[in-house]
Amino acid sequence: MILSDKRILEEIATGSIKIVPYSRECLGSNSYDVHLGDCLATYDADELDAKKHNTITYFDIPEEGFVLQPSSFYLGVTAEYTETHAHVPFLEGKSSTGRLGIDIHATAGKGDVGFCGNWTLEISCKKPVRVYKGMPIGQLIYFPVDGEIEEKYNQKKNAKYSGQPNKPIESMMWKNKF
């Protein structure tokens, strides 16, 4: 099951879902629209190494927008800070975003119960496309959890992405033991 608009509003009222900034206009029948934040980032190296810390460079999206290139990979961030304390949040692209050939995540569309932060976007595109800060970029949907949670994500000592800021965060794979 996916939470309906009324259930999302009820959960916001109880504090189990938090969205900042929040606008009633962004609430769909069973989702909440999120927007592209102010900056993007790209990896500094052409070749990434899963066992090493791969650094990124941030840049602000100018008022006239920024043209994404199909041969590049970008990290973006949602303008919205979210907290989800009793449900599993999923971030999906909007159909309008997809129809521009923009993918907003490679694999990380699911959050965990207890995720608190801005969502890092893994952006790629099929054709050159100009994007703007504040444009609708995706939508959050919420699933109920079956069973009791032993430890929420924001309570885990090894939660690598808890409390994400309003800037994209690079991969923390290098922190894993393998």
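A: Begin with contacts. Contact means heavy atoms within 4.5 Å. Keep in mind that this is a predicted model.

Q: Which residues is Leu68 in contact with, leaving aside its neighbours within four places in sequence?

A: Leu68 touches Leu40, Tyr74, Ile123, Cys125, Lys127, Pro128, Val129 and Val131.

Q: How do I read the largest nonpolar core, and which residues touch the most other members?

A: Such a core is a set of buried residues joined through side-chain atoms within 4.5 Å. Here it holds 29 residues. Leu36, Leu68, Leu91, Leu121, Ile123, Ile137 and Tyr142 touch the most other members. Two or more residues come from each of β1, β2 (32–35), β9, β10 (129–131) and β11 (136–144). β9 gives the largest share, four residues.

Q: And empty space? How much lies in the largest pocket?

A: Rolling a probe the size of a water molecule over the atoms shows where empty space is left. In this model, the largest pocket has about 580 Å³. It is lined by 22 residues, and Ala108, Lys110, Glu122, Tyr161 and Gln164 are the closest to its centre. By type, the lining has 11 nonpolar, six polar and five charged residues. Strand β9 (residues 116–125) gives the most to this lining, three residues.

Q: Now a strand. Which face of β1 is covered, and which is uncovered?

A: Strand β1 spans residues 17–20. Ile17 and Ile19 form the covered face, Lys18 and Val20 the uncovered one.

Q: In which sense do β1 and β6 pair?

A: Antiparallel, over four bridges, with β6 covering residues 74–84. Ile17 stands opposite Thr84 in β6.

Conventions: Residues numbered from 1 in each chain as written. Predicted model: local features only at pLDDT ≥ 70, side-chain atom pairs only at ≥ 80, totals over all residues. Heavy atoms only, no water. Buried < 20%, exposed > 50% of the residue type's maximum accessible area, 1.4 Å probe, protein only. Pairing = 2+ DSSP bridges. 1 Å grid on protein atoms, 1.4 Å probe; cavity = no way out; pocket = protein on both sides within 12 Å on 5 of 7 lines; lining within 4 Å. Points joined across faces, edges and corners; volume = space filled by probe spheres on them. Nonpolar A, V, L, I, M, F, W, Y, C, P; charged D, E, K, R; others polar.
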